Amino acid sequence: SEPALSLRDLRIWYGHERGAVRAVDGVSLDLMPGETVGLVGESGCGKSTLGRGVLGLLPEGAGHAGEVSYKGRNILDLKPKELRALRGPELGMIFQEPMTRLNPLMKISAHFEEVLKIHEPELGKKASRNRALETLRGMGIPPTRYHQYPHEFSGGMRQRIMIALALVLRPAVVVADEPTTALDVLVEAQILRIIADLRRNFDTALLLITHNLGIVAEACDRVAVMYAGRLVEQGPAFDITTKPAHPYSRELLRSTISLSTVELHSIPGAPPNLVNPPAACRFHPRCPDAMKVCAELWPPTVATGPARRSECWLHGTQDIPAGLEAPLER
Ligand code: SF4
Ligand code: MG
């Protein structure tokens, strides 16, 4: 089938007094209907900017190139009015802090009625109510609580209500940016399971942004690993979370696993500043396997398995110029 959404060589940058911040720097990715793709990386790698770009929600003054293609149109070229018409019914977003998005003075029912009245007026009152209750039930919120106020719910329940609000219009594409980060681990696992069921039922393509590779292993079909504005590796979630090919994915996975054990592993160094990212492979200052070539020439993108690709000199399909195979001295 056709992708629900395609990114092609997407670039997004912001002005900064010391030069442009290249937050997204040449990203290509397809989202298929009904598929959950995990976008992972440390904070500051550009993943939230990418998520906002998908929804045409870039801040004033951000520059962009390449395509976010949805139903044959580039979202980045649409006028604000055209975008507003898509956002909600076709492109949904699940935010991190539900309290800032639910109106404390409005009952839950009023939130759903408002959204459905604006975007699906033809549905009518009764069908709207049924749609809202069905979506809430899918998120584990019983109909008896429909007329309660946001403060009467726990944090986890409010987040599920927010997710139901995003899904009640049955959007084709949903971006969820760290949707469960503020919640405890059990609630997080439960919500991710529910999201996975729902998008399967509605054929929604879900881009799940997270810094946690463990979540990806549990809730995603595919994963895209982002580092310094680039997708350094992508492929099936199971394959990448069990056998990562790219050194950065491997280090990220080790640090995720060590969080749940006694041993501590963190990736040495810090994510680079995106005004002046390192030359050639951007991971070279932190990479345990770096060779001289990594600091001089852009690494090739290599198919490392079925539906997998990784951007690294280690994969050995392209000749490394003589003398540059030696370990990088730092
Ligand atoms: Fe490490 Fe070199 Fe691969 Fe970059 S290209 S991840 S520095 S081995
Ligand atoms: Mg973020």
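**Reading domains, helix packing and a ligand shell**

Mentor: In this predicted model, 14 residues of domain 1 are in contact (C-beta atoms, placed from the backbone, within 7 Å) with 14 residues of domain 2. Helix 6 (residues 185-202) gives the largest share of domain 1's side, six residues. Local features need pLDDT of at least 70, side-chain atom pairs count only at pLDDT 80 or more, and totals for chains, interfaces and linings use all residues. Residues are numbered from 1 along each chain as its sequence is written, and chains are lettered from A and ligands numbered from 1 in the order written.

Trainee: Which residues make up domain 1 and domain 2?

Mentor: Domain bounds come from an automatic or database domain assignment. Here domain 1 is 5-90 + 171-315, and domain 2 is 101-170. Their C-alpha centres lie 29 Å apart.

Trainee: At what angle do helix 3 and helix 4 pack?

Mentor: Helices are DSSP runs (H or I, at least four residues), numbered from the N terminus. Axes are lines fitted to C-alpha atoms over the stretch in contact, and angles run from 0 to 180 degrees between N-to-C directions. Helix 3 (residues 108-119) and helix 4 (residues 124-138) pack at about 120 degrees, with axes 10 Å apart. In helix 3, Phe-112, Glu-113 and Leu-116 meet Ser-128, Arg-131 and Ala-132 of helix 4.

Trainee: Which residues come nearest to ligand 1?

Mentor: A residue is near a molecule if its C-beta atom, placed from the backbone, lies within 6 Å of it. Of the 15 residues around ligand 1, the nearest are Cys-281, His-284, Cys-287, Cys-294 and Cys-312.

Methods. Helix = DSSP H or I, 4+ residues; strand = E, 2+ residues; numbered from the N terminus. Contact = placed C-beta atoms within 7 Å.
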